[in-house]
Amino acid sequence: MELSEVDDYPPIKIDSWFQVGFVLTTGINSAYALGYSGAVMVPLGWVGGSTGLVLAAAISLYANALLAKLHEIGGRRHIRYRDLAGHIYGRKVYSLTWALQYINLFMINTGYIILAGQALKAVYVLFRDDHAMKLPHFIVMAGFVCAIFAFGIPHLSALRVWLGFSTFFSLIYIITAFVLSLRDGMSAPPRDYSIPGSKVSKIFSSIGAAANLVFAYNTGMLPEIQATVKQPVVENMLKALYFQFTVGVLPMYAVTFMGYWAYGSTTSSYLLNNVTGPIWVKTMANIAAFLQTVIALHIFASPMYEYLDTKYGRSKGSAFSFHNLSFRVLVRGGYLTINTLVAALLPFLGDFMSLTGAFSTFPLTFILANHMYLMAKKNKLTMSQKLWHWLNVCVFSCMSAAAAVAALRLIVSDSKTYHLFADL
């Protein structure tokens with residue numbers, strides 16, 4: 001069943017596997033990486049956290065490779081996740097996949113705006129201690145800057161040079177956080193690495209951390225990214241994935257383990273809030289985190305932008321014609337306004353990571369990928385291979401349900417502890 005929309009936008013088949021590898025690496029080493037010490041290692045501890053990070057990387061590579069291999073089935077390329085699902089299942093699952101994907105990306109983008117606001121606030125408190133400006137104020141500023149950037153970048157492939165800047169900014173805050181954490185850890189007394197909380201809270205926190213683990217590695221938009229890859233598209237996408245899960249994960253691992261080693265169970269969900277050091281160094285790192293977040297958000301917002309542009313607003317001619325530019329200002333500005341409002345209303349970053357992993361990353365990347373591969377290749381699979389994929393579907397479905405309950409519990413608990421528009 002063919003449900004594909006217009007296939008000539010955004011531009012397809014123009015990017016090398018190396019550029020796509022950098023797109024994927026930008027996501028994995030975004031400023032979210034500054035939160036995994038607190039959001040993954042603290043609730044799981046050394047053994048659970050370390051094992052979980054490596055295991056989650058392995059199963060994420062496997063699931064994404066399955067998706068990559070389904071890009072060309074039925075005699076055509078499927079450049080959107082929903083198109084692939086519609087081809088295999090039909091209209092109902094096409095619509096369900098569309099909804100899941102955009103919920104996933106909306107929550108990721110909301111988290112990015114929270115992160116960007118936290119980075120701006122961290123700069124502010126380095127120079128002022130009057131608390132006149134609160135986190136929601138900085139979240140609004142961050143949302144405005146993200147909107148300005150979105151107006152000027154018409155589609156994902158247009159990022160190009162910005163991916164280089166993104167890598168540069170990532171190196172600044174990751175190296176800074178790593179070095180300052182190492183210095184703090186070497187001069188600090190013995191740390192407490194015990195998992196905090198009651199028995200019940202530990203269980204829910206561990207389940208939520210499992211959702212954070214899969215969130216760390218997965219985009220929920222692999223077909224859209226793969227759409228830009230040059231031929232041979234499957235082989236080049238697999239190269240990009242191997243780059244992401246080998247070289248690409250090393251900076252994230254380094255800062256995650258070092259942060260937890262230095263601060264133990266007191267590590268926050270934004271590592272730069274823990275580190276001590278020269279003000280100018282911390283300022284530089286926070287500004288770099290803010291700027292990288294603006295670029296990374298654009299990557300994860302691009303499927304929504306592409307859908308709106310293709311469906312409603314894009315006209316022929318220059319991407320910077322008055323019609324196309326004014327449409328981006330109106331529609332992308334409206335979308336990011338909603339993102340910013342939700343981010344300011346519920347600025348609980350770790351909870352958003354857990355919720356995203358539970359409600360969308362598990363279903364899209366693990367459940368749906370295994371089942372789609374099973375359906376598309378069923379005549380070529382042995383019985384043991386079929387059982388393997390069904391086992392994956394069942395296990396990840398149970399994990400998704402448990403993680404959803406845990407994430408909702410965390411949000412309700414934090415909403416009671418703090419308040420709406422909290423200044424965290």
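This is a predicted model: local features need pLDDT of at least 70, side-chain atom pairs count only at pLDDT 80 or more; totals for chains, interfaces and linings use all residues.

Trainee: How is the packing of two helices described?

Mentor: Two packed helices are described by the angle between their axes and the distance between the axes. Axes are lines fitted to C-alpha atoms, for helices over the stretch in contact, with angles from 0 to 180 degrees between N-to-C directions. Helices are DSSP runs (H or I, at least four residues), as are strands (E, at least two), numbered from the N terminus.

Trainee: At what angle do α2 and α7 cross?

Mentor: Helix α2 (residues 36-69) and helix α7 (residues 199-217) cross at roughly 45 degrees, and their axes come within 8 Å. The two helices are therefore oblique to each other; angles under 35 degrees count as roughly parallel, over 145 as roughly antiparallel, 65 to 115 as roughly perpendicular and the rest as oblique. Their crossing is right-handed, a term for the near helix being turned clockwise from the far one by less than a right angle, anticlockwise being left-handed. Contact (heavy atoms within 4.5 Å) involves residues including Y36, V40 and L44 of α2 and A209, L213 and F215 of α7. By class, this contact has 14 nonpolar, five polar and no charged residues. Here Ala, Val, Leu, Ile, Met, Phe, Trp, Tyr, Cys and Pro count as nonpolar, Asp, Glu, Lys and Arg as charged, and the others, Gly among them, as polar.

Trainee: How do α6 and α10 pack?

Mentor: Helix α6 (residues 161-187) and helix α10 (residues 250-263) pack at about 25 degrees, with axes 8 Å apart. That angle makes α6 roughly parallel to α10. The crossing is left-handed. Among the contacting residues are I174, F178 and D184 of α6 and V255, M258 and W261 of α10. The classes in the contact of α6 with α10 are 13 nonpolar, three polar and one charged.

Trainee: How many residues of α9 are buried?

Mentor: Buried means under 20% relative accessible area, exposed over 50%, and partly exposed in between (1.4 Å probe, protein chains only). Nine of the twelve residues of α9 are buried, so the helix is mostly covered. Among them are V233, M237, L241 and F243. The buried residues of α9 pack against α1 (17-28), α2, β1 (72-73), β2 (76-77), α7 and α8 (222-226).

Trainee: What span should α9 have?

Mentor: The expected span is 1.5 Å times one less than the number of residues. For the twelve residues of α9 (233-244) this gives 16 Å, which agrees with end C-alpha atoms 16 Å apart.

Trainee: Where do H71, V23 and H371 lie?

Mentor: H71 is found in the loop between α2 and β1, and is buried at a relative accessible area of 1%. Beyond four places in sequence, H71 is in contact with residues including R76, P223 and V233. H371 lies in helix α13 (residues 349-376) and counts as buried at 19% relative accessibility. Residues up to four places away aside, H371 touches Y89, W390 and V393.

Definitions and conventions
Residues are numbered from 1 along each chain as its sequence is written. Side-chain values use heavy atoms; hydrogens and water are left out.
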